[in-house]
Structure formats: C-alpha cells, structure tokens
Amino acid sequence: MGRVAVLSDIHGVLPALEAVLAEPEVAAAERIVLTGDITAGPQPAEVLDLLRRQGDRVLWIAGNADRELVEYRRGERDEIPDPIAPYAAGRLTEDQVEFLASLPRTLTLRVRGLGDVLFCHATPRDDEEVVLVDSRPDRWAEVFDGVADSVRTVVCGHTHMPYARLAHGRLVVNPGSVGMPYGRAGAHWCLLGPGVVLRVTPYDVPRAIARLTAECAYGDIAEWADHFLNARATDADALRVFGPRDGRGAS
C-alpha cells in the first residue's frame with residue numbers, strides 16, 4: 001500500500017466522520033483502516049451505513065465497544081458500562097449486528113516505508129488492554145509477546161489520545177479518536193506511508209452538537225455531545241484514569 005488513512009474510535013459521531021472523509025488525503029488514500037469502536041455513540045447505524053458505502057477501500061477491525069454492542073444485542077450480557085451503549089445497540093439493524101460480529105480483531109498490511117504494519121484496537125492480543133505514550137518498556141514487551149518479528153509498526157486506538165513512539169524497536173502509533181477526543185477538540189486520525197503523520201480535522205463543533213441533539217433520541221445527548229465533541233476531558237484527566245490500567249502500579 002502507498003497511503004493508508006487510519007480512523008479510530010469514531011463512536012457513532014457522524015459529523016466528525018463526514019469531516020474526515022472529506023479530507024483530500026483520506027479521499028485519495030488507497031485504503032482506510034478502521035481500528036475499532038466504530039459504533040458505540042449517538043448515530044451508530046448512520047456511521048455504519050456511510051462507511052459501508054465506501055466499499056472495499058475500507059478495512060475493518062472491531063473494538064471492545066463494538067463487541068459489547070453485539071453481545072448486548074445477542075443477550076450475552078445484561079449491561080454495558082458506557083451509558084450511551086445500550087441506546088446505540090438498540091439502533092443497529094440485525095444485519096449491522098451480524099456485520100459487526102464478523103469483524104476481525106487484528107489486520108496486517110504492508111505499507112510503503114513502514115513494512116508490515118499490524119493494526120489492532122487496544123493491543124495485538126486484547127481489545128481492552130491499555131498502553132499509553134508513557135507506558136514502561138516491560139509493559140510493551142508484554143503486549144508484543146507473540147507478534148511476528150517482521151512487524152515493525154503497530155497501530156492501535158482505544159485510549160483516544162494520539163501519539164507515535166518507539167518501543168523495543170517497533171514504531172507504535174495511536175491516531176487518536178475521530179468522535180470522542182481527549183485533550184483537544186477535532187476529529188483525530190493519521191496517515192501512513194511512507195512515514196506517519198498525525199492529523200486533526202477541525203469541524204464546526206457547535207453545529208455538530210446541534211445536529212446530534214436534533215437527530216439523536218438518546219436522553220442525555222446534549223450533555224454527551226457537549227462533553228465529548230468539545231473534549232472537556234483533558235489528556236491529563238485521561239492519563240490519570242488510564243494510567244493504573246497499564247499495570248504501572250505493579251512494578
């Protein structure tokens with residue numbers, strides 16, 4: 001592949017997704033890779049429909065939130081920690097539930113300038129594990145266990161904060177979140193090939209909040225949209241919450 005656009009953690013925010021898909025570099029990319037948590041948000045069906053209309057150019061990976069919606073709809077779980085998730089699960093058609101259930105957990109592509117790139121949601125081995133830009137080397141060794149030596153770049157999502165760093169000679173990239181950014185508003189994504197470019201697409205957030213409030217029947221949608229689209233949670237807030245989950249307290 002020459003150029004690959006990576007979109008992660010869209011979380012059912014259609015206006016943010018539309019803004020990213022309108023970017024010239026995304027329109028020109030050979031492939032668009034989705035690294036999970038596509039649907040758990042205010043407009044899950046609409047987001048899926050738009051992405052599926054892009055055809056085979058889009059390559060899909062399921063995230064933990066997508067898995068939870070499927071499990072909820074199938075009666076395999078009674079609740080989901082994310083308050084908006086049961087609403088999102090109810091908005092999906094049966095076909096969309098089955099489509100999400102069929103998605104892989106990882107994907108490997110050869111990208112010009114980067115070699116074999118492994119895409120996943122959280123880590124290569126688990127869709128809920130937490131790794132952060134400042135996770136210790138031993139933690140990266142744990143999550144890379146079993147990854148082929150030929151893979152020199154790993155692209156993940158899950159924590160909604162963009163970064164690129166080296167860990168044990170591998171480049172690790174998190175594009176951030178399209179729909180629920182922490183620390184800085186805008187729709188975050190990245191472009192791969194031959195290097196790595198972290199991107200953020202600004203869009204009209206007040207207009208998007210008004211649109212979601214008008215079009216989404218979730219009871220707390222105005223508060224939800226204001227909090228997440230304006231990135232009211234700072235990167236420091238997110239790191240305080242996520243930090244203990246990367247195992248740093250164990251060493």
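Student: Hi! What volume does the largest pocket have?
Tutor: Hello! This is a predicted model, and in it the largest pocket has a volume of about 540 Å³.

Student: Which one gives the largest share?
Tutor: That's α4, with 4 residues.

Student: And how does the lining divide into nonpolar, polar and charged?
Tutor: There are 13 nonpolar, 5 polar and 5 charged residues in the lining.

Student: Let's look at α9 then. Which of its residues are buried?
Tutor: Ile221, Trp224, Ala225, Phe228 and Leu229 are buried in α9. They cover an arc of only 95 degrees around the axis, so they sit on the same side of α9.

Student: What do the buried residues of α9 pack against?
Tutor: They pack against α8 (205–215).

Student: And what follows α9?
Tutor: Ala231 does, and its phi is positive, near 50 degrees.

Student: New topic: which residues have the most contacts inside the largest nonpolar core?
Tutor: Leu7, Trp224 and Leu229 do, in a core of 61 residues. Helix α1 (residues 14–21) supplies the largest share of this core, 6 residues. Apart from this core lies another one, of 14 residues, including Val6 and Leu192.

Student: Back to Leu7: what is it in contact with, leaving aside neighbours within four places in sequence?
Tutor: Its contacts include Leu17, Val20, Ile32, Val178 and Trp189.

Terms used. Residues numbered from 1 in each chain as written. Predicted model: local features only at pLDDT ≥ 70, side-chain atom pairs only at ≥ 80, totals over all residues. Heavy atoms only, no water. 1 Å grid on protein atoms, 1.4 Å probe; cavity = no way out; pocket = protein on both sides within 12 Å on 5 of 7 lines; lining within 4 Å. Points joined across faces, edges and corners; volume = space filled by probe spheres on them. Helix = DSSP H or I, 4+ residues; strand = E, 2+ residues; numbered from the N terminus. Nonpolar A, V, L, I, M, F, W, Y, C, P; charged D, E, K, R; others polar. Buried < 20%, exposed > 50% of the residue type's maximum accessible area, 1.4 Å probe, protein only. Arc of directions from axis to C-beta. Contact = heavy atoms within 4.5 Å. Core = buried A, V, L, I, M, F, W, Y, C linked by side-chain atoms within 4.5 Å.
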